Amino acid sequence: MANIRPFNRGDESFMEKIAPRAFGVWTRLALDKTLPEEGTRRYLVKEVKWYIKRCQHRNENLGILVAEEDKEVVGYIVLGIDTMRSNAFGFLWGHIISLAVDPDYHGKGIGSSLIKEGLGWLKDKGVKYAEVLTDQNNIGAIRAYEKNDFRVIYSSIVLSQYL
Ligand SMILES: CC(C)(COP(=O)(O)OP(=O)(O)OC[C@H]1O[C@@H](n2cnc3c(N)ncnc32)[C@H](O)[C@@H]1OP(=O)(O)O)[C@@H](O)C(=O)NCCC(=O)NCCS
């Protein structure tokens with residue numbers, strides 16, 4: 001059973017390794033085969049570095065939890081509170097910003113444990129409404145979220161063009 005705990009200094013390298021391995025096929029950047037693969041990998045690493053930086057700057061509205069197996073970080077969840085929506089709606093609005101489990105550890109309940117603990121983190125902050133965006137073909141993610149009481153409310157498409 002994976003141990004879920006808050007992000008600590010030293011977890012960065014694991015997260016930077018997991019991000020492109022986990023999202024490699026799922027990010028919409030990877031689905032667009034006209035985009036160079038190396039750019040997608042670089043983007044995924046930069047994105048995770050940015051979350052870590054914000055978390056290390058004691059941003060109260062952002063949290064990272066990691067999953068550990070045998071002292072190795074094998075997954076993470078990034079959580080956030082949306083201040084603009086919270087102000088507009090009059091209750092705290094939370095997001096699961098990112099969730100990733102290293103492919104070698106898929107199907108062991110780690111994603112689900114991260115979601116469960118992540119929702120606990122949001123609830124402890126006073127969040128009343130939580131949402132997450134994912135790809136409508138990402139069956140694994142949808143199952144993991146539905147198992148944790150999320151329900152699909154909306155789906156959209158992305159269109160792009162080169163200029
Ligand atoms: C989504 C993700 C985090 C799930 O992690 P995980 O540790 O494999 O998930 P779990 O083992 O907790 O599985 C949760 C449920 O989903 C099901 N599931 C997981 N992956 C599945 C798949 N590919 N196909 C069908 N069901 C799947 C599991 O069987 C389980 O349901 P069950 O308990 O009824 O059997 C992981 O697949 C991942 O990192 N994917 C790439 C990144 C990503 O898509 N992140 C989410 C973007 S918002």
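Analyst: Ala, Val, Leu, Ile, Met, Phe, Trp, Tyr, Cys and Pro count as nonpolar, Asp, Glu, Lys and Arg as charged, and the others, Gly among them, as polar. By that rule the residues of the shell around the ligand divide into 11 nonpolar, 8 polar and 3 charged. The model is predicted: local features need pLDDT of at least 70 and side-chain atom pairs count only at pLDDT 80 or more, while totals for chains, interfaces and linings use all residues. Residues are numbered from 1 along each chain as its sequence is written.

User: Which residues come nearest to the ligand?

Analyst: A residue is near a molecule if its C-beta atom, placed from the backbone, lies within 6 Å of it. Of the 22 residues around the ligand, His106, Gly111, Ser112, Gly140 and Arg143 come nearest.

User: Which helix gives the largest share of the shell around the ligand?

Analyst: Helices (H or I, at least four residues) and strands (E, at least two) are DSSP runs, numbered from the N terminus. H6 gives the largest share, 6 residues. H1 (12-23), E4 (92-101), H5 (110-124) and H6 (139-147) each supply at least two residues of the shell. In total the protein has 6 helices and 5 strands, in the order β-α-α-α-β-β-α-β-α-β-α.

User: Why is valine 74 called buried?

Analyst: A residue is buried if 20 or more other C-beta atoms lie within 10 Å of its own, exposed if 12 or fewer, and partly exposed in between; the C-beta atoms are placed from the backbone. Valine 74 has 22 other C-beta atoms within 10 Å, so valine 74 is buried. Valine 74 is found in strand E3 (residues 72-81).

User: Why does aspartate 70 count as exposed?

Analyst: Aspartate 70 has 7 C-beta neighbours inside 10 Å, and therefore counts as exposed. Aspartate 70 sits in the loop between E2 and E3. Its phi is near 50°, a positive value in a residue other than glycine.

User: What makes aspartate 149 exposed?

Analyst: With 10 C-beta neighbours inside 10 Å, aspartate 149 counts as exposed. Aspartate 149 lies in the segment after H6 and has a positive phi of about 75°, although it is not a glycine.

User: Which residues does alanine 100 touch?

Analyst: Two residues are in contact if their C-beta atoms, placed from the backbone, lie within 7 Å. Not counting residues up to four places away in sequence, alanine 100 touches Ile18, Ala19, Ala22, Phe23, Gly75 and Tyr76. Among these, Ile18, Ala19, Ala22 and Phe23 are buried residues of H1.

User: What makes a set of residues a nonpolar core?

Analyst: A nonpolar core is a set of buried Ala, Val, Leu, Ile, Met, Phe, Trp, Tyr and Cys residues joined through C-beta atoms within 7 Å. The largest one here has 39 residues, of which Ala19, Leu65, Ala67, Tyr76, Ile77, Ala100 and Leu114 touch the most other members. E3 gives the largest share of this core, 7 residues.

User: Why does the radius of gyration of the protein agree with a compact globule?

Analyst: The radius is taken over C-alpha atoms, and the globule rule is 2.2 Å times the number of residues to the power 0.38. For 163 residues a compact globule would have a radius near 15 Å; the protein has 16 Å, so the two agree.
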